[in-house]
Amino acid sequence: MFASRIGFSWLVLALLTSFARIGVAGEPAAPPPVPVGVAKVDITPETPVRMYGYAARKTESEGVAGRLKASALALGGDEGEGPAVLLTVDCGAVPAEIRQEVLRRIQAKSSLRPERFMLCNSHNHSGPDLKGMRSFSGTERQHMEQYAKLLPERLEDVVLKALASRKPGRLAWARGSVPFAANRRVLKDGKWSGFGAVPDAPADRSLPLLRVTDAGGKLLAVVLNYACHNTTLRGNFNQIHGDWAGCAQEFIEAEHPGVVALVTLGCGADADPCPHGTVELCQRHGRAMADEVKRLLAGPFRPIEFKLTARSAPLEIPFDAPPPLDELRALAKRSWSAQRMLDRLERGEKLPTARTFGVAVWAFGDDLAMVFLSDEVVVDYALRMKREFDGDRLWITAYTNDVSNYVVSKRLIEEGGYEVNNSISGLVSFGRPERLQPPMEDRIVDRVRSLLPETFRKPPEKP
């Protein structure tokens, strides 16, 4: 009886939708309804914890200045390929093994394919350092292990609640911009010389917005994407806080009661918020995001028909042969990646043979293609893909499913410096990123091209 009622309800909705689509001439056709569900959960640590990023911080957190959240958006029904779930987490880096554990738990209770489950890290530097947990000891280790047990439970719960709350809805998207992202790589004579704000250097300040409404047009959720480090707060700040992404969520949700805001990060590994340094500046940047969301919500929007094709094909990047130990020790003085390999060799450990890099694409018919990349990807990737593919229908998210290394471009390798020395290219080549051939940039762009449907692979012809 329950199933037959649901089937009848969807039949009525489909009929109403078909009548709506032949209504006023000149209006864009309303897409058929799709099951949508959203949920949000607090993931703030219950004890002091060691914090992510900023090596100068050597003590646990001292209180909570802002709550941390995880939000889930579930799209589609259980038939066919099943639903898709976008999960955003206020965390510097959720370890890949925790993501796998969450997926395993969900799959025990609901059908969810791996390529249709994307965990997007906010890369917040004022939250728990789950990645560094194994290096801690004593009470610090106990606190991190306690949080590492709590987090998968909370993430499983929020995804299952989003799946359970699905009801007929519609998707649409628009694109705006926010100005606070600034390229942080200061150059001298064409080489990296330190960090700062470089206004005329490459940055991606676009703000794509996904609008999720119920079948009657009531706003349920918004998803934002912005290419900028979540590092308004610096190493001298020792409290838990969600940074600009957390503030943006709070402002949007306060202005739209009942709405869930999800924030993902684009290719902003070489961009910092400008200015930075205080909670007040986090609020200023969050306010700028919320104001742009308010402007965009006034319309117009481009409707999205839910014909989702999800494809995932990780890259396997082989390691180069290690250099002699004397050479590796010299490289380690200027390369964290080389130092890490040297430490493993001196402990007598076996070196890995390859490094995996995640690439996935969600294509919504011909309306929108979302690209998901793992790790910390610099802006050149987004700018190049928007040129070479149909950038007008492209949404690019980094920091997805795993965050371990920077992913640098050919340009940055020529310039050298921090991101290059700590990149996947530097890791697999033992601190000699220029030796990686073909470069990561070409490998990744080619893999994205192979996953994109044909209609997205070329830029539109100019009139």
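Strand E13 (308-312) and strand E16 (residues 359-364) run antiparallel and are joined by five bridges; strands count as paired if DSSP finds at least two bridges between them. Within this pair, Ser-312 has Ala-360 of E16 as its bridge partner. Helices (H or I, at least four residues) and strands (E, at least two) are DSSP runs numbered from the N terminus. The model is predicted, and local features need pLDDT of at least 70, side-chain atom pairs count only at pLDDT 80 or more, and totals for chains, interfaces and linings use all residues. Residues are numbered from 1 along each chain as its sequence is written, and side-chain values use heavy atoms, with hydrogens and water left out.

E13 and E16 belong to an open sheet of four strands with the order E13-E16-E17-E19 and mixed pairing. Strand E13 and strand E19 (394-397) stand at the edges with a single partner strand each, so one side of each has no neighbour in the sheet. Neighbouring strands of this sheet are turned by 15° against each other on average, direction ignored; axes are lines fitted to C-alpha atoms, for helices over the stretch in contact, and angles run from 0 to 180 degrees between N-to-C directions.

Helix H8 (residues 379-388) lies across strand E17 (368-373) and E19, and runs at about 160° to E19. Helix H12 (residues 440-451) also packs on the sheet, where it touches E13, E16 and E17 (contact means heavy atoms within 4.5 Å). The direction of H12 makes about 35° with that of E16.

The axes of helix H6 (residues 325-332) and helix H7 (residues 336-346) cross at roughly 140° and come within 8 Å. H6 and H7 are therefore oblique to each other, where angles under 35 degrees count as roughly parallel, over 145 as roughly antiparallel, 65 to 115 as roughly perpendicular and the rest as oblique. On the H6 side the contact is made by Leu-325, Leu-328, Arg-329, Leu-331 and Ala-332, and on the H7 side by Ala-338, Gln-339, Leu-342, Leu-345 and Glu-346.

Strand E9 (residues 219-226) is mostly covered, with eight of its eight residues buried, that is, under 20% relative accessible area with a 1.4 Å probe and protein chains only. Strand E8 (residues 206-214) and E9 run antiparallel and are joined by five bridges, with Arg-211 opposite Val-222 in E9. The hairpin of E8 and E9 has four residues between the strands, and Gly-217 there takes a positive phi near 100°. E9 is also joined by six bridges to strand E10 (residues 260-265), and these two strands run parallel; Val-223 stands opposite Leu-262 in E10.

Key:
Buried < 20%, exposed > 50% of the residue type's maximum accessible area, 1.4 Å probe, protein only.
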